[in-house]
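Colleague: Could you walk me through this one slowly, from the inside outwards? I would like to look at the model while we talk.

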Amino acid sequence: MARVLVCITQGFNGAEMWTMLAALTERGHTFKVVAPKKGLIWDDFDLKKPYKLEHDYWDEDVFDYDGLVVITGDPKLSRRAAKDHRVRHIVEKYRDKPVA
């Protein structure tokens with residue numbers, strides 16, 4: 001089974017993330033969720049309930065996975081993420097692997 005890196009952005013679409021994580025789990029894949037920085041992050045729906053993440057885009061193993069999923073949300077924040085040099089670098093490193 002595959003190991004998948006899941007990059008989320010501030011304001012990510014929670015429904016997309018939970019659906020993706022459930023699908024990966026159901027198929028026997030493992031995953032690691034990373035965000036722009038460690039700590040609290042909010043999805044685009046429930047601003048009252050932040051999620052605590054222990055991993056960020058700078059973790060040393062972000063390039064050691066079999067595939068990549070990028071989950072954004074708010075279009076304004078998605079554009080910002082698309083311009084982020086670290087996100088671009090991660091996506092570029094996965095160019096020969098499955099990316100969603």
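Modeller: We can go through the core, a helix, the strands and then the charged pairs. This is a predicted model, in which local features need pLDDT of at least 70 and side-chain atom pairs count only at pLDDT 80 or more, while totals for chains, interfaces and linings use all residues. Residues are numbered from 1 along each chain as its sequence is written, and side-chain values use heavy atoms, with hydrogens and water left out.

Colleague: How many residues has the largest nonpolar core?

Modeller: The largest nonpolar core has 14 residues, and those with the most contacts inside it are Val 6, Ile 8, Phe 12, Ile 41 and Ile 71. A nonpolar core here is a set of buried Ala, Val, Leu, Ile, Met, Phe, Trp, Tyr and Cys residues joined through side-chain atoms within 4.5 Å. Buried means under 20% relative accessible area, exposed means over 50%, and partly exposed is in between, with a 1.4 Å probe and protein chains only.

Colleague: And which elements give two or more residues to this core?

Modeller: Those are strand E1 (3-8), helix H1 (14-26), strand E4 (51-53) and strand E5 (67-71). The helices (H or I, at least four residues) and strands (E, at least two) are DSSP runs, numbered from the N terminus. Apart from this core lies another one, of 10 residues, with Leu 5, Val 34, Val 87 and Tyr 94 among them.

Colleague: What does Ile 71 touch?

Modeller: Leaving out residues up to four places away in sequence, Ile 71 touches Val 6, Cys 7, Ile 8, Thr 9, Phe 12, Asn 13, Glu 16, Met 17 and Met 20. Contact means heavy atoms within 4.5 Å. Asn 13, from that list, lies in the loop between E1 and H1, and its side chain reaches the backbone nitrogen of Glu 16 at 2.9 Å.

Colleague: Changing topic, which residues of helix H3 are buried?

Modeller: In H3, which covers residues 85-93, the buried ones are Arg 86, Val 87 and Ile 90. They cover an arc of only 100° around the axis, so they sit on the same side of H3; the arc is that of the directions from the helix axis to the C-beta atoms. These buried residues pack against E1, E5 and helix H2 (75-83), whereas the face turned away from them carries the exposed residues His 85 and Arg 88.

Colleague: What happens at the start of H3?

Modeller: There, a side-chain oxygen of Asp 84 reaches to within 2.7 Å of the backbone nitrogen of Arg 86.

Colleague: Back to the strands, then: in which sense do E1 and E5 pair?

Modeller: E1 and E5 pair in the parallel sense over five bridges, and E1 and E2 also pair in the parallel sense over five bridges. Two strands pair if DSSP finds at least two bridges between them. In E5, the bridge partner of Cys 7 is Val 70, while Leu 5 stands opposite Lys 32 in E2. E1 is mostly covered, with five of its six residues buried, and E5 is mostly covered too, with four of its five residues buried.

Colleague: How many salt bridges does the count come to?

Modeller: The count comes to five salt bridges, where a salt bridge is a side-chain nitrogen of Lys or Arg within 4 Å of a carboxyl oxygen of Asp or Glu. One of them joins Lys 32 and Asp 61, at 2.5 Å from N to O. Lys 32 lies in strand E2 (residues 30-34) and Asp 61 in the loop between E4 and E5, so the pair ties together parts that are 29 residues apart in sequence.

Colleague: Is Lys 32 buried or exposed?

Modeller: Lys 32 counts as buried, at 11% relative accessibility. Another salt bridge joins Asp 59 and Lys 38, at 4.0 Å from N to O. Asp 59 lies in the loop between E4 and E5 and Lys 38 in the loop between E2 and strand E3 (39-41), so this pair ties together parts that are 21 residues apart in sequence. Asp 59 is buried, at 10% relative accessibility, whereas Lys 38 is partly exposed, at 48%.

Colleague: Which residues do the salt bridges that share partners join into one network?

Modeller: They join Lys 32, Lys 38, Asp 59 and Asp 61 into one network.

Conventions. Polar contact = N/O pair within 3.5 Å; in protein donor to acceptor, adjacent residues only side chain to side chain.
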